[in-house]
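Please open the structure in a viewer and keep the sequence at hand.

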Amino acid sequence: LPIYRFYLTTEELKRLQDKKFSNKRLELIRDLFLFSCYTGFGYADLKLLSSDMLRRWPNGNLWIDTERIKTHVDVHVRLLDVPLMLIRKYEGQAKGGLLFPVPSNQKINEYLKEVAALCGIDKAVTSQMARHTFATTVYLCNGGTIEALSKILGHKHISTTQIYAEVTNRMVSSDFRAISGNLAAMQRSVLEKKDRKQDGKRVRRSLRDTA
């Protein structure tokens, strides 16, 4: 499959974010997916996030401080505006101090198919795609470093994170290919204007010389 199939683009993420759902079940699934897109938490960690993991750091920002289930690596994730809003939205709706009422991963992936269809996203959207979207579209493509991303994702080795750097490099390459036609036309226009200007100067010089 093409590499872009494994993450959402900025435009697709915005479409998902702006969609209004009348079905509360699908709205919850969309919200859980969005939270992961903006934090990088996978399903195993998401379902266990609790209010006692929230920390106000000295700079005033709210963070989640926890340990990744899979690797047992300490993870520190600053909460941006969207995840903060989602935490407030679902406050008190889950038992045991958990941040969200999270259904089974099987159910999430099943409902995500409906969510994607309603948002006009022609991709096999899964809960794991949210983590890929965070790493590529949200983090690296907005200036984040591969070293910091490795810590946020809870990887033991930076080589595990390197795949995302390769993906973003391909994204950049693809973007250049997409705009190359427009750039070529624009550059031709500039060069043609320059050539016409130079031709005009030569004509004026020739007229002066023969006068």
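Begin by selecting Cys37, which is buried, with a relative accessible area of 0%. Next select Cys119, which also counts as buried, at 5% relative accessibility. A disulfide is a covalent bond between the sulfur atoms of two cysteines. A search of the whole structure finds zero disulfides.

Now display the whole chain as a cartoon. This is a predicted model. The protein chain contains eight helices and three strands, and along the sequence they follow the pattern α-α-α-β-β-β-α-α-α-α-α. Of the 211 residues, 39% are buried. Among contacts with a separation of 6 or more, 59% join residues 24 or more positions apart.

Select β2 (residues 62-67) together with β3 to view an antiparallel pairing over five bridges. Which residue of β3 is the bridge partner of Asp65? The partner is His76.

Proceed to the charged side chains. Side chains of opposite charge can pair when their charged atoms come close. The whole structure holds 10 salt bridges. Select Lys24, Glu27, Arg30, Asp31 and Lys89, which are linked in a network of salt bridges. Is Arg30 buried or exposed? Arg30 is buried, with a relative accessible area of 6%, and Asp31 is buried as well, at 3%.

Asp31 also meets Lys89 in a salt bridge (2.7 Å, N to O). This pair links distant parts of the chain: Asp31 lies in helix α2 (residues 24-39) and Lys89 in helix α4 (residues 81-89), 58 residues apart. Lys89 is partly exposed, with a relative accessible area of 33%.

For the last stop, select helix α5 (residues 105-118), where Glu110 and Lys107 lie three residues apart, about one turn of the helix. Their side chains meet in a salt bridge (4.0 Å, N to O). Glu110 counts as partly exposed at 37% relative accessibility, and Lys107 counts as partly exposed at 36%.

Notes:
Residues are numbered from 1 along each chain as its sequence is written. This is a predicted model: local features need pLDDT of at least 70, side-chain atom pairs count only at pLDDT 80 or more; totals for chains, interfaces and linings use all residues. Side-chain values use heavy atoms; hydrogens and water are left out. Helices (H or I, at least four residues) and strands (E, at least two) are DSSP runs, numbered from the N terminus. Buried means under 20% relative accessible area, exposed over 50%, partly exposed in between (1.4 Å probe, protein chains only). Contact means heavy atoms within 4.5 Å. A disulfide is a pair of cysteine sulfur atoms within 2.5 Å. Two strands pair if DSSP finds at least two bridges between them.
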